[in-house]
Each structure stands twice: as structure tokens, then as C-alpha cells.
Amino acid sequence: MRQIILDTETTGLSPAEGHRIIEFAGLEMVNRKLTGRHLHLYMHPERAIDPDAERVHGISLDFLADKPKFKQVADEIVDFIGDAELIIHNAPFDVGFMNAEFDRLGIAPVKALCASVIDTLFMARDTFPGKRNSLDALCDRFEIDRSNRTLHGALIDCELLSEVYLALTRGQESLMMDVDVDDGTGRSLAGIAFEKKPLLVLKASDEEMAAHQAYLDTLDKAVKGSCVWRGLEAPAAEGA
């Protein structure tokens, strides 16, 4: 499965209020390894950037003055994400903005262009209920270095999210996925169904049982009565 780790930065919080995408980043992953292929774009939003949003990502309208508009790079984005599985932290936010941009241009929505969408925020909340599950919090939890993330930025966030995703899903890999054992004859044993043998039970000898009873007698004397172990053994003896 070809996967794209994806993130966007925007002029504000809601596409319904006319806010636009100003930065797009995507990293390609195949077989759980980054391929080195990526797409990183800045876009002029054709509108003002909310001050609160600018404080988060640090992208100003002056910086975007000479950048292309979304319609000029839309085909490049569609080609990059097409038929891939998208991995996004808080997917409804980014997908909502992308769908709004695509709709303006008569392009099909994300769900029609891509194989599926994985929301790592949903995964994290399911894995760590009741805990903070922001990207920063998950990096700290998984001991992922985020020292270069002084501001939110789509590309650095994608790089961090790729590590978070691998950490979140590591337990889902099959224990036999990478097994390739050689039996000494040069033949691979990977994929062979091994016969499950019955569990071997070794019973205590008479001498061991006598020593056990003697030890319980010393415990009885210590507590001046019947020790706790006697109560545990009684139901087993009755059922024998």
C-alpha cells in the first residue's frame, strides 16, 4: 500500500468561513518506509490570514506574495495523493479544507481520489484514552525528537507524524511477519505451520510433597492457626 503522510496549514479554522490552504506537505511511504519522494507547496490564499493562525504557523501574507494560487498547483496535488492511503493527524480538518479547495475547481473530493484516510488523532485517542494526544504530546510519549518544531509547519509536522504513525501501529505487525529461519539445511522455515504439542505437566514427588507439608506446618505455628496457604489448597483437594 502506498501511503502519504499529509498536513496542511491554513488562513484560519474553517473552510465554511472562506479560509484557505496556504501550505501543503506530503511524504510518501511504501511498506512502512519513507521513499524520499515528497511534495511541499506554499500557496497564496487570495485573502487575509487570521492573526491567531499566523501566530501558530508563522506564515505571513507577505511571504506568500509571489506564491502560486491553489488552482495552479491543484493537479500536482491530485497526482501526488491519487490512489494512496492518506495518514493525517486530525483528518477531518485537513480533508475538509482540501475538499473545499477541490470543490471550487470542480475536482472530486478526497474520498474519491484516495484509497482511504487514516486519522492518527482518532487512533491515539483510542490507544491513550483520557490523555493529551496532540502531535507534540505523542512525540514526547514516544520519545521522538521535536526540537526543530518551534512553529507548526506542514513539512516538519509530516516528518514527525510519520514517526508517530509507525510507533502507534508497531504492535499491529504480525509476530511472524519477518521470520525467516534457516534449519541448517539452507531451507527457509518461514510460513511453515508448526505442530502444537500438548503442555507437559510434571507432578511433585512424594518427597517434595512431604517437604511442602512440613513448611506449611511451620507457617501454622508462626500464625498460631491455619496459614493462608491451607485455605487455598482446601478447595483443590475437595475437587480432586
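Is tyrosine 42 buried, partly exposed or exposed? At 25% relative accessibility, tyrosine 42 counts as partly exposed, where buried means under 20% relative accessible area, exposed over 50% and partly exposed in between, with a 1.4 Å probe and protein chains only. This is a predicted model, in which local features need pLDDT of at least 70 and side-chain atom pairs count only at pLDDT 80 or more, while totals for chains, interfaces and linings use all residues. Residues are numbered from 1 along each chain as its sequence is written, and side-chain values use heavy atoms, with hydrogens and water left out.

**Aromatic pairing**
- The structure holds 4 aromatic pairs, counted when ring centres of Phe, Tyr or Trp (its six-membered ring) lie within 6.5 Å, with planes under 30 degrees apart called stacked, over 60 edge-to-face and the rest tilted.
- The rings of tyrosine 42 and phenylalanine 63 have centres 4.9 Å apart and planes at 85 degrees, so this pair is edge-to-face.
- Phenylalanine 63, with a relative accessible area of 38%, is also partly exposed.

**Charges over rings**
- Lysine 67 lies over the face of phenylalanine 63, at 4.2 Å from the ring centre; such a contact requires NZ of Lys or CZ of Arg within 6 Å of the ring centre and within 35 degrees of the ring normal.
- The charged end of arginine 2 sits over the ring of phenylalanine 80, 5.6 Å from its centre.
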